[in-house]
Amino acid sequence: MTRDGRLLSLYLGLTTSVNGFLQPFVPIYLFEAGLSKSQIGLVAGSGAAMALLIQPLLGKLSDRLDSRRPFVALMSVVAALAYMSFPLLHGAPAFLLAVALGANASLYMQGVGGVLVGRLAEKGKGGATYANYRVWGSIAYMFVALAVGLLLKPEGGHGRNPLNLMFETGPMLFLGIAALARWLPDPRRPVATDDDPEPSKKLIRPNLRRFLAVDFLYIVSLYGATNFISLFMQHVGGRGLMLSCVFIPGVLSETLVMRYSGALSDRYGRRPVLAVSYLLLPLRLLIYSAATGPWWVLGAQSLHGLNFGIVGAVAIAFVNDQADHRTRGVLQAQLSLVTAAAGAVGPAIMGFVADRYGLPAMFEVAAGLAFVATVVFVLFVNESNEHARGTGIPILDHALFPARANA
């Protein structure tokens, strides 16, 4: 791996590692601070809602200036201050503002990773390149989650005071990202030549538009439900290390799957690899709804690798397939925009359902939305990677590759 590759791996590792304490414990902290599940859903979606306005602007500015380091440094400091403020806050409005700032800043930093990988990757190799760098984020996540779990008492996770230390110190990881920004590889876009094709007047092609629409449904179901998994673990009897490590089986399987999903999508196509993730999600969500103990939850969570372990790498590559150096930042910002919109809608819907009908029913509703996303993906989204050679099975390839991304 080159020096730039090592720095980019470190960046993706740090930006993902913070989720090792944020993902399990932000919902629990909000619940212990007196918020209802509906309020938790609205607070969780607040940062994503803000991103609907901020992410496209940041994408355009970074493309125009052809520089991302200053934005990364600024967003890192914003996120650190937002989450460090948790022990001082009271009431839903205060938490809504803090989470909005923190989540929005974190979302931008993750989107930047996709842009930088696109600059460094060879044409048609974006899936493998992103996966090879991003896998270090999953490893860093597990270390942070385990460290947090060991710091909590076995019965930890009840009461606000035991969690305050975590939010006073954990966000310092964001300050590490701010320091790293100075050395972050941020290659300039190539100088345009007469041989370069003219930029398309239609920036978002029809197939990309269809993919972004189905990705919205997918994320609404997956992350709308995921926002309440740590609370569900409490509901079925999980405590202490169980709470901190509830996402680790998924991250471990994600690390193994992501290592190969990008390369497989480079070779065989984005569509067949993504189809595995879409087909599995409804089943996984139904397993949660039937869970009666902590080990059920951990077992279902281990399937996360076949969800985010695929989508987390291949969706980035799907967008980069249809971009060039002049448009990659804008198109990755569009993907972040869809993620933000789904991240705002999903927790709000699922929190409403959970408050009125219970957490198991919430997972059943999420499974229904995931099934709709699967049907739409299979019927309407075409292959984006023009370098893919297909599976080699004629009947299957005829079904998987009816048209290319410019359809």
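Residues are numbered from 1 along each chain as its sequence is written, and side-chain values use heavy atoms, with hydrogens and water left out. Because the model is predicted, local features need pLDDT of at least 70 and side-chain atom pairs count only at pLDDT 80 or more, whereas totals for chains, interfaces and linings use all residues.

**Confidence**

The mean pLDDT (the predictor's confidence in each residue, from 0 to 100) is 80 for the protein, and 81% of the residues reach 70 or more. Helices are DSSP runs of H or I with at least four residues, numbered from the N terminus; a contact means heavy atoms within 4.5 Å.

**Helix α1**

S17 belongs to helix α1 (residues 3-17), and T15 is placed in helix α1 as well. S17 counts as buried because its relative accessibility is 3%; T15, at 4%, therefore counts as buried too. Buried means under 20% relative accessible area, exposed over 50%, and partly exposed in between (1.4 Å probe, protein chains only).

Leaving aside neighbours within four places in sequence, S17 is in contact with G137, A140, Y141, V144 and L173. With residues up to four places away not counted, T15 touches M109, Q110 and I177.

| Pair | Sequence separation | C-alpha distance |
|---|---|---|
| S17 and I139 | 122 residues | 8.0 Å |
| T15 and F174 | 159 residues | 7.5 Å |

A polar atom of the S17 side chain lies 2.9 Å from the backbone oxygen of L14, and the side chain of T15 reaches the backbone oxygen of L12 at 3.1 Å.

**Salt bridge**

The structure holds one salt bridge (a side-chain nitrogen of Lys or Arg within 4 Å of a carboxyl oxygen of Asp or Glu). D266 and R270 form this pair through their side chains, at 2.6 Å from N to O. Both D266 and R270 are buried.

**Nonpolar surface patch**

L279, F371, V372, V375, V378, L379 and F380 make up a nonpolar patch on the surface, with about 670 Å² of accessible area together. Patch residues have over 30% relative accessible area and no salt bridge; like charges are joined within 9 Å, and nonpolar side chains (Val, Leu, Ile, Met, Phe, Trp, Tyr) within 5 Å. Accessible areas come from the Shrake-Rupley method with a 1.4 Å probe. Helix α17 supplies the largest share of the patch, six residues. F380 lies in helix α17 and counts as partly exposed because its relative accessibility is 48%.

Definitions and conventions. Helix = DSSP H or I, 4+ residues; strand = E, 2+ residues; numbered from the N terminus. Polar contact = N/O pair within 3.5 Å; in protein donor to acceptor, adjacent residues only side chain to side chain.
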